[in-house]
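This report looks at selected disulfides and a ligand site. The structure comes first, followed by short sections on each topic.

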Amino acid sequence: MSDDQYESVSGNTRRNRCLYIVLGVVLICVLVVGVSLGLALSPKGVKSEILQRCETYKKLHPEVSSGNDCQKIWTAFEQAYVGRNSCDVPVENYDTLIRAVKQEIQCNKTLFWSKSKDLAHAFTEKRKCKMTLEDTLLGYMLDDLTWCSKPDSKETFSSNCPGWTDCEKNPVRSFWVRASANLAASTCGHASVLLSASVNPPYNQNSIFSSVEVQNLNHSILDSMAAYLVTDVTDKTNCNDASLVTLKNDLPPNVEFSCKEMPLSDFQMCLSDLDKPCLGCH
Ligand SMILES: *[C@@H]1O[C@H](CO)[C@@H](O)[C@H](O)[C@H]1NC(C)=O
Ligand SMILES: *[C@@H]1O[C@H](CO)[C@@H](O)[C@H](O)[C@H]1NC(C)=O
């Protein structure tokens with residue numbers, strides 16, 4: 001074997017090895033994309049996830065267990081959007097679902113949030129004296145999920161669905177508007193809202209909190225609303241912010257409003273020291 005041939009053979013071997021590696025990588029990519037696409041498109045994905053969450057919630061909250069049939073809830077949910085254009089799902093289409101879910105909202109417990117979801121959930125995870133929409137059966141089942149269907153289809157998809165702002169009447173947004181309105185209308189006694197001083201304005205009239213929840217509060221059962229403005233060290237916004245005056249004015253006249261600034265460090269203390277009174281929890 002001459003040096004030239006040797007060169008050429010080992011060159012081929014190297015090229016072949018490269019080719020195998022490239023083919024392998026391509027194959028893995030195809031598999032990963034295929035599997036995730038398959039899972040995302042599979043109608044069973046959303047359905048089994050929702051049913052599983054419903055059963056989990058019932059186990060964790062025995063008080064709602066007997067009144068709620070997860071399969072019936074799924075059917076009521078699905079009929080809101082299945083077979084419809086995914087930009088034409090009216091909010092009222094979820095009325096049947098709202099009626100199918102039986103859960104009493106305890107007075108003094110509701111914690112609304114706006115641009116502070118993670119903080120609110122960190123709080124209610126640790127302290128059961130408050131609950132957000134996502135701590136109710138309805139919110140728990142659908143939190144962070146995406147779903148839609150299409151005309152003449154019986155299926156539920158979880159990909160290629162319109163995003164939150166792509167069109168107003170998308171299945172996900174209409175659901176959260178309906179569910180938020182329902183929670184607000186059922187909120188009694190003393191309500192709280194967690195707002196963030198890091199966003200401007202902390203009370204935004206385009207938010208779901210303002211445009212749906214505040215609008216649906218029932219003044220005959222609600223006494224007060226306490227806003228907690230979580231303030232990080234560099235935040236300049238405080239309870240004198242004009243938007244908080246707007247919030248006070250947006251509330252039904254008999255609902256007493258208060259606002260408290262809460263340093264983020266104090267908020268974090270509330271998560272670690274459960275004996276410390278926080279957000280009206282003792
Ligand atoms: C709600 O708070 C009010 C005033 O603090 C209290 O009188 C009432 O008993 C509370 N209701 C519940 C269900 O805890
Ligand atoms: C407000 O609550 C009262 C007392 O539960 C109820 O009779 C009334 O229908 C509610 N109003 C609305 C608009 O839901």
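## Cys-129 and Cys-281

Cys-281 counts as buried, at 2% relative accessibility. The model is a predicted one. Cys-281 forms a disulfide with Cys-129, and the two sulfur atoms are 1.7 Å apart. The torsion about this S-S bond is about 85°, so the disulfide of Cys-129 and Cys-281 is right-handed.

Cys-129 sits in the loop between helix H5 (117-126) and helix H6 (137-142), while Cys-281 belongs to the segment after helix H10 (264-272), so the pair ties together parts that are 152 residues apart in sequence. Cys-129 is partly exposed, with a relative accessible area of 29%.

## Disulfides in the whole structure

A disulfide is a covalent bond between the sulfur atoms of two cysteines. A search of the whole structure finds seven disulfides. Among them are the link of Cys-129 and Cys-281, that of Cys-107 and Cys-188, and that of Cys-239 and Cys-259.

## Cys-107 and Cys-188

The sulfur atoms of Cys-107 and Cys-188 are 2.2 Å apart in their disulfide. This link is left-handed, with -105° about the S-S bond.

Cys-107 has a relative accessible area of 45% and is partly exposed. Cys-188 has a relative accessible area of 10% and is buried.

## Cys-239 and Cys-259

Between Cys-239 and Cys-259 there is a disulfide with an S to S distance of 2.0 Å. Its torsion about the S-S bond is about -75°, so the link of Cys-239 and Cys-259 is left-handed. Cys-239 lies in the loop between strand E3 (222-231) and helix H9 (242-250), whereas Cys-259 is in strand E4 (residues 256-263), so the pair ties together parts that are 20 residues apart in sequence.

Cys-239 is buried, at a relative accessible area of 18%. Cys-259 counts as partly exposed, at 23% relative accessibility.

## The site of ligand 2

Asn-218, Ser-220 and Ile-221 surround ligand 2. An N or O atom in the side chain of Asn-218 is 2.2 Å from an oxygen atom of the ligand. Ser-220 has a polar side-chain atom 3.4 Å from an oxygen atom of ligand 2. On its own, ligand 2 has 360 Å² of accessible area, and the protein covers 26% of this.

Key:
Residues numbered from 1 in each chain as written. Chains lettered and ligands numbered in written order. Predicted model: local features only at pLDDT ≥ 70, side-chain atom pairs only at ≥ 80, totals over all residues. Heavy atoms only, no water. Near = heavy atom within 4 Å. Polar contact = N/O pair within 3.5 Å; in protein donor to acceptor, adjacent residues only side chain to side chain. Areas by Shrake-Rupley, 256 points an atom, 1.4 Å probe, with all protein chains shown as cover. Disulfide = S-S within 2.5 Å. Buried < 20%, exposed > 50% of the residue type's maximum accessible area, 1.4 Å probe, protein only. Helix = DSSP H or I, 4+ residues; strand = E, 2+ residues; numbered from the N terminus.
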